[in-house]
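I opened the notebook to get my bearings in a structure that was new to me.

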Amino acid sequence: MEKLDFIVWASKMQHNYRPNDEVLKIIANVDLIAIVGPTGAGKSTIIEKLGYSNVLSTVSREKRPKEKDSVDYYFTKDYLKVIEDIKQGNYVQYLISPSGEFYGTHINSYPENGSCIMAIVAGAIDNFHKLGFKKIVQIYIMPPSYVEWMRRIGGVRTKDLLTRISEARESINLAIEDDKYHLVLNDNIDAALLDINNMLSEQPVSQHRIELAIGTADILLEHIGDGES
């Protein structure tokens, strides 16, 4: 099957998709730590260092530099297998991103209980809340600064860069409008990890660092636009 045909099929099925009952039973015992943020914010490093069971998404897009299959994502071209699993309800959820790529999490990627962590596209968060997880904690990772963020993502094709900027614009706007998000500035990995661990243990987080994260979000939106013009 060609990729475009798969994406068209999955797009049509997306809005009515429902996991099977066994999948729903499993995730009812799972606490999900949702790590959200633009490409280049350092989500993968934070997920690795936090040490929770990492839920990997199955994706249709190509690997980016330094990404590894079965480490960062499950990169697939076996579209017929994905379609069969969707029909059987074996994915917890999936979506077709604004860039026209499949992102989904198979139940086999989740623990049977306890806590797990995963990088999630901002537009998918609402779907996760509807699924019946025991608990969801939303953490949005901001890059250190606009200049550093552009340095990290700037070495790609113009089309890819524009896609990443568009996705960042959408996700930042969603994060600052949703009071369920905890914004974390990843200017120093140890400080960011401390902020996150405090959030997860319901300990106080530095108000100064929260304000720095919000300020950085405002600066990024000033440079890339807020999408309203």
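My entries follow, sheet by sheet.

**Entry 1: the kind of model**

I noted before anything else that this is a predicted model.

**Entry 2: the five-stranded sheet**

I asked in what order the strands of the open sheet of five are arranged. I read the order as S2-S7-S1-S8-S9, and the pairing is parallel. Next I looked for the edges of this sheet. Strand S2, residues 53-54, stands at one edge, and strand S9, residues 181-185, at another. Each has a single partner strand, so one side of each is left without a neighbour in the sheet.

I reminded myself what pairing involves. Strands of a sheet pair through backbone hydrogen bonds, either parallel or antiparallel.

**Entry 3: pair by pair**

I started at S2. Two bridges join S2 to S7, and the two strands run parallel. I looked up Asn54 and found that its bridge partner in S7 is Ile117.

I moved on to S7 and S1. Strand S7 covers residues 114-119 and strand S1 covers residues 30-36. Six bridges link the two in the parallel sense. Here Ile35 has Ala119 in S7 as its bridge partner.

Then I went to the S9 end. Strand S8 spans residues 135-142 and is joined to S9 by five bridges, again with parallel strands. Ile141 stands opposite Val184 in S9.

**Entry 4: helices over S8 and S9**

Which strands does helix H7 lie across? I found H7, residues 158-177, across S8 and S9. Helix H7 runs at about 125° to S8. Helix H9, residues 207-224, also lies across S8 and S9. For H9 I wrote down an angle of about 85° to S9.

**Entry 5: a stop at Lys130**

Lys130 sits in the loop between helix H5, residues 125-129, and S8.

**Entry 6: the four-stranded sheet**

I turned to an open sheet of four strands, in the order S4-S3-S6-S5. Its pairing is mixed. The edges are strand S4, residues 74-75, and strand S5, residues 91-96. Each of these has a single partner strand, so one side of each lacks a neighbour in the sheet.

Strand S3, residues 58-59, and strand S6, residues 102-106, pair in the antiparallel sense over two bridges. Val59 stands opposite Tyr103 in S6.

**Entry 7: H1 and H4**

I found two helices lying across S5 and S6. Helix H1, residues 3-14, runs at about 115° to S5. Helix H4, residues 79-88, runs at about 120° to S5.

How do H1 and H4 pack, and at what angle? The angle is about 15°, and the axes are 10 Å apart. The cut-off for roughly parallel is under 35 degrees, so H1 and H4 are roughly parallel to each other. Their crossing is left-handed.

I listed who meets whom. From H1 come Lys3, Phe6 and Trp9; they meet Tyr79, Val82, Ile83, Ile86 and Lys87 in H4. I sorted the residues of this H1 and H4 contact as six nonpolar, no polar and two charged.

Methods:
Residues numbered from 1 in each chain as written. Predicted model: local features only at pLDDT ≥ 70, side-chain atom pairs only at ≥ 80, totals over all residues. Heavy atoms only, no water. Pairing = 2+ DSSP bridges. Contact = heavy atoms within 4.5 Å. Axes fitted to C-alpha atoms, helices over the stretch in contact; angles between N-to-C directions. Parallel < 35°, antiparallel > 145°, perpendicular 65-115°, else oblique. Left-handed = near helix turned anticlockwise from the far one by under 90°. Nonpolar A, V, L, I, M, F, W, Y, C, P; charged D, E, K, R; others polar.
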